[in-house]
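Student: Could you walk me through reading a few local features in a structure? I'd like the general idea, then the actual case.

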Amino acid sequence: AVKVQRPGVQSLVSKDLYVLRRAAEVYQGLVERFAPQQRTDYVGLLNEWAVGFYTELDFKNEAANMQTMARGLAEAGVTDVAVPRVYEALTTRRVLVSEWIDGRKLSECSTEEVRELVAIGQECFLVQLLQTGFFHSDPHPGNLMRPHDQSRARLVLIDFGLVARVQRKDQDLFVSSIIHLANKDYAALIDDFVGLGILPPDCNRAKVLPLMDKALSPYVKGGGAKKYEQELKTLYGMDGSVESTVGGFQAMTSDMLTVLNDIPFSIPPYFALLARAVVTLEGLALQADPDYGLVLEAYPFVARKLLSSDRPELQKALQEVLYGGGDPALKGVVTPTRLAALVNSAAGVVARQEGAAFVDLDAVPDEGLTPAAAAAFVLSPDAASIRALLADEAAGASDLLLRQALRKAVPLVAAALPQPPRLPFLPPPPEPLELPVPLPPRA
């Protein structure tokens, strides 16, 4: 395949970006004057887009992106998705020569074919975002192909002009955010947003929490923009009558003013490319499944990530999931139910609550794994993290049992030993239960 840059396109793009940049500067000034508590750098957001547009015009950079993506997917073990090979010797800044792929773009495929490939595309995107840290920022149906020859791969990615990188710290926070969002743990999600730079550390959590529930809960339920609108109308009591519509609109306006005036949120610049990729992929999935919800569909991948990673940040998130039982009496205890629910989620069987909207970690799905399959999964390399955690739990339990056994045995041994004669001028010996047990302190 030969891709040739249209003459004069760089000049045209530059003019458009200049106009947009001036408009962003004016808008930034208005925000700083009338809503100074808002901290989003809109000029920075536009700059991020501009950098993406300009790098997209450099075909040698696109060739390097293709090679980086192919290498990353291969190292991550992704076999169902391929990237065309690049002919570097023939590639210049304005001409890209790559392998020809016989196939059809997803925009030309039937709904059934798209439905078959959605799960593959979703898994590939999650690997890019949460594992390799290098993701395709423009995965629209024209850039995804179904090859006629399915022996090499079932899906082919093309057009790598627009890509983005995610730092490891942000990857860990994305994993934690998805876990907390799917579990409806908005208090913990606020901490994730602080770490991502969306909210400041000194934000008013009492105001943020209910607004986060109203804004994000309808999204987690899936179904795209139309269902999100329906959920919002239901949430604000808009049943179609004039009175309910006026009342609901007033309540919604009040919440929006609270966000604008009292919650100093900001949007990090790289979110522009990430949001574009997420919205594009979600739109594609919704064509095949009108009830598709990205958060819950991504949950099994994230659960596997938690169970296999040894990174301290993800270990902390795993401990929060396993130790944060729904029963207050079980806080700080790893319950078999939570462990089984997480293992089932990693295997793709997710127990849900609230009308199939959120993950229920305190319930094991009826169609879940058999005990043998669950044990095999826990002993596999994909569950190294949970094994380490359970080993610590076992060590702690063994240590406690050993201490209890010794404390019971010491008095018996002491009582069986010959007793020294008691002299009237010496104090009596201590009782056996008062003897110190020479055990090492717990770490």
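This is a predicted model: local features need pLDDT of at least 70, side-chain atom pairs count only at pLDDT 80 or more; totals for chains, interfaces and linings use all residues.

Student: Where does K184 lie?

Tutor: K184 sits in the loop between α5 (168-182) and α6 (186-196). Now for its backbone.

Student: How do I read phi there?

Tutor: Most residues other than glycine have a negative phi. K184 has a positive one, near 60°, and K184 is not a glycine. D159 has a positive phi too, about 60°, and is likewise a residue other than glycine.

Student: Which residues does E62 touch?

Tutor: Leaving out residues up to four places away in sequence, E62 touches K3, E56, L96, D159, F160 and G161. So D159 turns up again, among the contacts of E62. E62 itself lies in helix α3 (residues 59-75).

Student: Is E62 buried or exposed?

Tutor: Buried: the relative accessible area of E62 is 1%, and the cut-off for buried is under 20%.

Student: What about a nonpolar surface patch: which residues make it?

Tutor: V26, L30 and F34 make a nonpolar surface patch of about 330 Å². L30 is part of helix α1 (residues 9-34). With a relative accessible area of 45%, L30 is partly exposed.

Technical notes:
Residues are numbered from 1 along each chain as its sequence is written. Side-chain values use heavy atoms; hydrogens and water are left out. Helices (H or I, at least four residues) and strands (E, at least two) are DSSP runs, numbered from the N terminus. Buried means under 20% relative accessible area, exposed over 50%, partly exposed in between (1.4 Å probe, protein chains only). Contact means heavy atoms within 4.5 Å. Patches are made of residues with over 30% relative accessible area and no salt bridge: like charges are joined within 9 Å, nonpolar side chains (Val, Leu, Ile, Met, Phe, Trp, Tyr) within 5 Å. Accessible areas come from the Shrake-Rupley method with a 1.4 Å probe; for residues, only the protein chains shown count as cover. A salt bridge is a side-chain nitrogen of Lys or Arg within 4 Å of a carboxyl oxygen of Asp or Glu.
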